[in-house]
Amino acid sequence: MKQTVTIAMFIAGMIITGTARAQDEMPAVTTQYRLVEGIVQLSKPGEESVLINLWGDVNAPGRFMVPTGTTLIELISFARGPASFRTGETTLDWSKLRVEVNVSRRNQEMNIDEVVNFRFRYTQQLPAGMRDFVLQENDFITLEVKRRPAFVDYMRIIGPISTVVAAMILLVDKL
């Protein structure tokens, strides 16, 4: 019985050692680690990184710890891109949507905030400098997706107003 237990422990030790070696030999892949609610680490442990704030119309807003040298386009991709306005009530024409990206950066020497704006439509090329814009520590990025109002939007405003006016006319007429 002792021999069987000893052999089983030896085989289990060999399997665990082989698994650990196989994991060490796997290529390093950048993965997302959710540190706390709202903070996502995209850099590998020990890698030089910067903290960036991303808010607005993105699918995963929050504070991102990204490798140094990450571009604005990469950060928006890490946040799963701009949020869409697709609902059961409306179908949007993506060619009419406009995206506005603002990057606010603190200039310590002059003690002011500098803001860089990028605006584009989905049918246009990215603005000059946006693809190569390198992020720095504590940059604050806001992304807003705008669209032109549709007929339904106007009806949502006009409908309640006309209902109130009609009710007031009926009340005045009955008095």
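Tutor: Side chains of opposite charge can pair when their charged atoms come close. Here the side chains of R119 and E100 form a salt bridge, with 3.5 Å from N to O. The term denotes a side-chain nitrogen of Lys or Arg within 4 Å of a carboxyl oxygen of Asp or Glu. R119 belongs to strand β6 (residues 112–121) and E100 to strand β5, so the pair links distant parts of the chain, 19 residues apart. Strands (E, at least two residues) and helices (H or I, at least four) are DSSP runs numbered from the N terminus.

Student: On what basis are such values computed?

Tutor: The model is predicted: local features need pLDDT of at least 70, side-chain atom pairs count only at pLDDT 80 or more, and totals for chains, interfaces and linings use all residues. Residues are numbered from 1 along each chain as its sequence is written, and side-chain values use heavy atoms, with hydrogens and water left out.

Student: Does E100 count as buried or exposed?

Tutor: E100 counts as buried because its relative accessibility is 10%. Buried means under 20% relative accessible area, exposed over 50%, and partly exposed in between (1.4 Å probe, protein chains only). Across the protein chain, 25% of the 175 residues count as buried.

Student: Which residues surround E100, beyond its neighbours within four places in sequence?

Tutor: Contact means heavy atoms within 4.5 Å. With those neighbours left aside, E100 is in contact with F118, R119, T142, L143, E144 and K146.

Student: How many salt bridges are found in the whole structure?

Tutor: The search finds 5. One of them joins the side chains of R105 and D139, at 2.7 Å from N to O. R105 is in strand β5 and D139 in the loop between β6 and β7, 34 residues apart. Both R105 and D139 are buried.

Student: Which residues are joined into one network?

Tutor: Salt bridges that share partners join R98, E100, R119 and K146 into one network.
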